[in-house]
Amino acid sequence: MLNTSDIMETISMIRDNNLDIRTTTMGISLLDCADTDIDKSCTKVYDKICRLAGNLVATGDDIAAKYGIPIVNKRVSVTPISMLAGISGGDPVKYAKALDRAAHEIGVNFIGGYSALVQKGFSAGDLELIESIPRALAETELVCSSVNVGSTRAGINMDAVRLMGEKIRLAAELTKDNQCIGAAKLVVFCNAVEDNPFMAGAFHGVGEADHVLSVGVSGPGVVRSVLAAMPDDAPLDVVAETIKKTAFKITRVGQLVGSEAAARLNTQFGIVDLSLAPTPAVGDSVAHILEEIGLEQCGAHGTTAALAMLNDAVKKGGVMASSSVGGLSGAFIPVSEDAGMIDAAREGTLSIEKLEAMTAVCSVGLDMIVVPGDTPSEVISAIIADEAAIGMVNSKTTAVRLIPAIGLAEGEELNFGGLLGYGPVMKLRTKSPAKMIMRGGRIPAPLQSLKN
Amino acid sequence: MDTQEKAVITVVGKNAIGILAKAATCVADANTSVIQVSQIVMDEFFTMNMLVDISQIRGSIQDLENDIKQHLPGIEVHVMHENIFNSMHTI
């Protein structure tokens with residue numbers, strides 16, 4: 001029979017420490033929905049999503065009841081819509097509305113893929129889609145958008161970077177009566193991954209199967225509580241080992257739930273993405289893990305090193321636990337979604353510069369950061385460029401999800417509610433990068449040798 | 001080949017007369033059968049793990065948990081599918 005302490009450990013992980021399946025995301029290819037008539041194309045998109053993912057929510061709830069583990073979100077990611085828009089022409093917002101209708105019909109809480117991949121240049125549909133993003137996000141509720149502007153092999157498309165600075169600002173302006181929520185549903189990537197199940201950056205890559213089911217597992221609370229039980233003088237290699245073991249257990253749960261859900265939905269199992277994704281709930285914070293490792297507050301000197309160790313240990317445990325680990329896998333640091341980060345930002349311990357350094361060693365990037373409402377679009381573009389450069393040079397995924405708080409100044413707060421959380425407006429540098437951003441063009445791909 | 005589907009019931013709380021009996025009655029009522037039980041009483045605290053065969057269960061695991069909870073007020077009860085423990089704790 002099972003060991004009593006193993007049983008109690010599992011129960012306490014789920015009941016006391018917020019271990020959950022953060023998301024089951026069905027990736028659906030829409031390539032066979034393309035049509036030269038945009039209305040026909042939208043109908044096919046709606047029908048295909050409803051047909052394949054119609055039971056996604058019910059299946060998720062069923063499995064959650066069977067195993068007693070919460071499955072917090074059910075989501076759908078689709079082929080980047082710019083590809084369909086390129087074939088059909090017309091107003092891409094029609095696609096956004098079709099996606100939104102489908103998402104409401106099947107009951108998922110987000111649908112991702114209003115996206116374009118433009119790291120090297122724009123093809124048909126890309127510019128139209130990027131142009132339409134702010135409107136699409138303002139006129140729909142559940143649609144998420146992402147744009148990949150750079151990669152290690154292609155360099156950074158600085159024309160796209162300039163455009164995205166403008167679009168992020170406009171997305172916030174168009175939704176200023178609703179906490180600028182438009183910008184919270186828009187991510188700008190460098191080295192975007194094709195199988196990420198987490199929103200807002202999920203899309204279904206063209207290299208993927210027709211439909212797959214991927215799972216995002218979380219559990220910062222579990223890691224924190226395991227570390228809290230360790231002696232204060234345990235060396236860091238022992239701490240890393242403990243994180244690794246915990247990550248293993250968490251990933252196993254994801255693998256179990258994912259493969260069962262995929263079988264029930266008659267689809268292929270995609271990947272488990274083990275990402276320590278915080279929520280604003282107390283006890284579900286990545287910042288608190290870093291503090292448990294030994295920092296007075298997240299953002300203190302030493303944060304980058306602690307995060308690097310955490311991120312690596314999480315990946316190692318995850319890889320051992322599942323043969324199909326993918327997505328972003330690591331530690332997320334979305335400021336407004338993490339109680340510890342929010343506190344650190346409020347107190348000024350956590351600055352945008354420190355966050356930028358942290359993104360060089362963790363999963364993804366500058367995430368859910370509220371910036372002053374009067375930030376010019378070229379400053380936002382410059383932040384995107386900095387972040388994309390970190391991703392490009394280090395061959396890792398980086399992303400930017402900034403929310404310009406229209407009408408608010410430094411020190412005030414936005415509150416998105418739910419998992420997106422709340423956060424104070426963070427201070428940015430005010431000297432202008434406009435000349436550089438206006439140059440446009442491309443930053444060439446970096447050298448892959450002579451790495452020093 | 002083992003075709004049984006199993007669940008683990010854990011009951012933790014202050015010791016009182018009939019905890020095991022009440023839990024076992026609920027198990028029988030749900031058409032599930034007990035495979036193994038281990039229980040420890042330390043001072044006044046009672047901890048029990050029960051492995052049950054749920055291949056013929058009437059209703060869901062959740063229903064069984066709710067039923068036991070109803071019969072054992074004030075006591076912590078969890079019923080979870082065995083797979084979750086196996087996948088987490090074995091390599």
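Visitor: What is the mean pLDDT of chain B, and what share of its residues reach 70 or more?

Guide: The pLDDT is the predictor's confidence in each residue, on a scale from 0 to 100. This is a predicted model, and in chain B the mean pLDDT is 89, with 97% of the residues reaching 70 or more. For the complex, the predictor gives an ipTM of 0.83 together with a pTM of 0.90.

Visitor: At what angle do the axes of helix H1 and helix H2 of chain B cross?

Guide: Angles run from 0 to 180 degrees between N-to-C directions. In chain B, the axes of H1 (residues 19–29) and H2 (residues 61–71) cross at roughly 150° and come within 9 Å of each other, and the crossing of H1(B) and H2(B) is right-handed.

Visitor: Which residues make that contact?

Guide: From H1(B) come B:Lys22, B:Ala23, B:Cys26 and B:Val27, while H2(B) supplies B:Leu64, B:Asp67, B:Ile68 and B:His71.

Visitor: Turning to chain A, how is the chain divided into domains, and what separates their centres?

Guide: Domain 1 of chain A covers 20–190, and domain 2 covers 220–252 + 278–440; their centres, taken over C-alpha atoms, are separated by 23 Å. To the contact, domain 1 of chain A brings 31 residues and domain 2 of chain A brings 38 residues.

Visitor: How much area is buried between these two domains of chain A, and which residues of domain 1 lose the most?

Guide: Buried area is the accessible area that two parts lose on being put together, summed over both. Between domain 1 and domain 2 of chain A this comes to about 2700 Å², with carbon and sulfur atoms giving 69%. In domain 1 of chain A, the residues losing the most area to domain 2 are A:Arg169, A:Gln179 and A:Cys190, together 21% of what that side buries.

Technical notes: Residues are numbered from 1 along each chain as its sequence is written. Chains are lettered from A and ligands numbered from 1 in the order in which they are written. This is a predicted model: local features need pLDDT of at least 70, side-chain atom pairs count only at pLDDT 80 or more; totals for chains, interfaces and linings use all residues. Side-chain values use heavy atoms; hydrogens and water are left out. Helices (H or I, at least four residues) and strands (E, at least two) are DSSP runs, numbered from the N terminus. A crossing is left-handed if the near helix is turned anticlockwise from the far one by less than a right angle, and right-handed if clockwise. Contact means heavy atoms within 4.5 Å. Domain bounds come from an automatic or database domain assignment. Buried area is the accessible area (1.4 Å probe) that two parts lose on being put together, summed over both.
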